[in-house]
Amino acid sequence: MDRLTALPALREVIAAHGLSARRSLGQNFLLDLNITRRIARAAGPLDSATVLEIGPGPGGLTRALLEEGAAKIIVVERDERCLPALEQIATASNGRLHIVSGDALSLDIEALASQHGLLRVVANLPYNISTPLLISWLKRLTLFDRFILMFQAEVADRLAAQPGTKAYGRLSIAAQWRCEVRPLFTLLPRAFMPAPKVSSTVVELTPRQHPLAEADPDILEEVVAAAFEQRRKMLRAALKRIFADPETTLKAVGIDPQARAETVGIEKFCALARELSRIRG
Ligand code: SAM
């Protein structure tokens, strides 16, 4: 612990290593120790977890996670300029920090989980790849025990949205079908350096033991994509592309054919997906 607290302040680290933030890498750094500690505590207890942090940057959140007692942290950083600062933290961490230099989008997550066990992802995600990253993890949920992730507030709203709201859509269904989604707290732009244009929200996603309702994942995705392709269309029109007789199918699963996708709950979409699987044999 003492060796971690003896590390230079983050502002000094950034200046010493010339870590001017790059927009192309979605770099908005967190320098406030109260905030990084709050995120680390939300991810706890950490003494028996393997934490995966995407995009540690200069290492503010990484340091908070170590100070909160993380047993093992794997960080994946694409910006090689950050590596010396991360090496310094690794040296002070008594072997608890492992650094992977590379692109999180091409990370072999199966290999990582088979080597280190269930992963708990804790990250202030680069906003430009936050959604594709989450979607790829949702497809491999058995490798993860929990996610504590910072998203742009608008993305967080979509993740947690309920039917009947404007934010409800494909992302809400993809996330909530298999996870419990809980927004934890929102940070104003000024919490970051540089300040982004919008607020950000930390969201907890906890994999469900079983999905909300039974469905083939690819078929469910196909049905939901068709339903939301033109959100203002009635479902009986929107689903023409995938069902020969959408009106009858919708009635058979208890959905008003005149309803719009944004009013339909996840269980009903699963019923439609099961129906499509049945029709296709
Ligand atoms: N964790 C730090 C913090 O909270 O201050 C930095 C967060 S910053 C929002 C996002 C970080 O992700 C940056 O350090 C950036 O270099 C890194 N990054 C961007 N694209 C990446 C990618 N494809 N793979 C891994 N890291 C990436």
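Me: How do the residues lining the largest cavity divide into nonpolar, polar and charged?

Reply: They divide into two nonpolar, one polar and two charged. Do keep in mind that this is a predicted model. The residues concerned are Leu 33, Thr 36, Arg 37, Ala 64 and Glu 67. Leu and Ala count as nonpolar, Arg and Glu as charged, and Thr falls among the others, so the lining is sorted as two, two and one.

Me: What makes this space a cavity, and how many of 30 Å³ or more does the search find?

Reply: A cavity is a set of points where a 1.4 Å probe fits but cannot get out. The search of the whole structure finds one of 30 Å³ or more, and the volume of the largest cavity is about 30 Å³.

Me: Which classes line the second largest pocket, and which helix gives the most?

Reply: Its lining has nine nonpolar, no polar and five charged residues. Helix 9 (170–178) gives the most, with six residues. Nearest the centre are Ile 135, Arg 170, Ala 174, Arg 178 and Glu 221. Arg and Glu count as charged, so Arg 170, Arg 178 and Glu 221 belong to the charged class. This pocket contains about 300 Å³ of space.

Me: What makes strands 4 and 7 the edges of the sheet?

Reply: Start with the order: seven strands form an open sheet running 4-3-2-5-6-9-7, with mixed pairing. Strand 4 (97–101) and strand 7 (179–187) each have a single partner strand, so one side of each is left without a neighbour in the sheet. On average, neighbouring strands are turned by 20° against each other, direction ignored.

Me: How do you know that strands 2 and 3 pair, and in which sense?

Reply: Two strands pair if there are at least two bridges between them. Strand 2 (residues 50–54) and strand 3 (residues 72–77) have five bridges, so they meet that cut-off. Their sense is parallel, and Ile 54 stands opposite Val 76 in strand 3. Helix 8 (residues 153–160) packs on the sheet, touching strand 6 (144–152), strand 7 and strand 9 (200–207).

Me: Why is Asn 94 called exposed?

Reply: Its relative accessibility is 58%. The cut-off for exposed is over 50%, so Asn 94 counts as exposed. Asn 94 sits in the loop between helix 5 (83–92) and strand 4, and has a positive phi of about 55° although it is not a glycine.

Me: Where are the peptide bonds that are cis, and what are their omega values?

Reply: One joins Gly 44 and Pro 45, with omega about 0°; Pro 45 lies in the loop between helix 3 and strand 2. Another runs from Met 193 to Pro 194, with omega near -5°. Pro 194 is in the loop between strand 8 (192–193) and strand 9.

Terms used. Residues numbered from 1 in each chain as written. Predicted model: local features only at pLDDT ≥ 70, side-chain atom pairs only at ≥ 80, totals over all residues. Heavy atoms only, no water. Helix = DSSP H or I, 4+ residues; strand = E, 2+ residues; numbered from the N terminus. Axes fitted to C-alpha atoms, helices over the stretch in contact; angles between N-to-C directions. Contact = heavy atoms within 4.5 Å. 1 Å grid on protein atoms, 1.4 Å probe; cavity = no way out; pocket = protein on both sides within 12 Å on 5 of 7 lines; lining within 4 Å. Points joined across faces, edges and corners; volume = space filled by probe spheres on them. Buried < 20%, exposed > 50% of the residue type's maximum accessible area, 1.4 Å probe, protein only.
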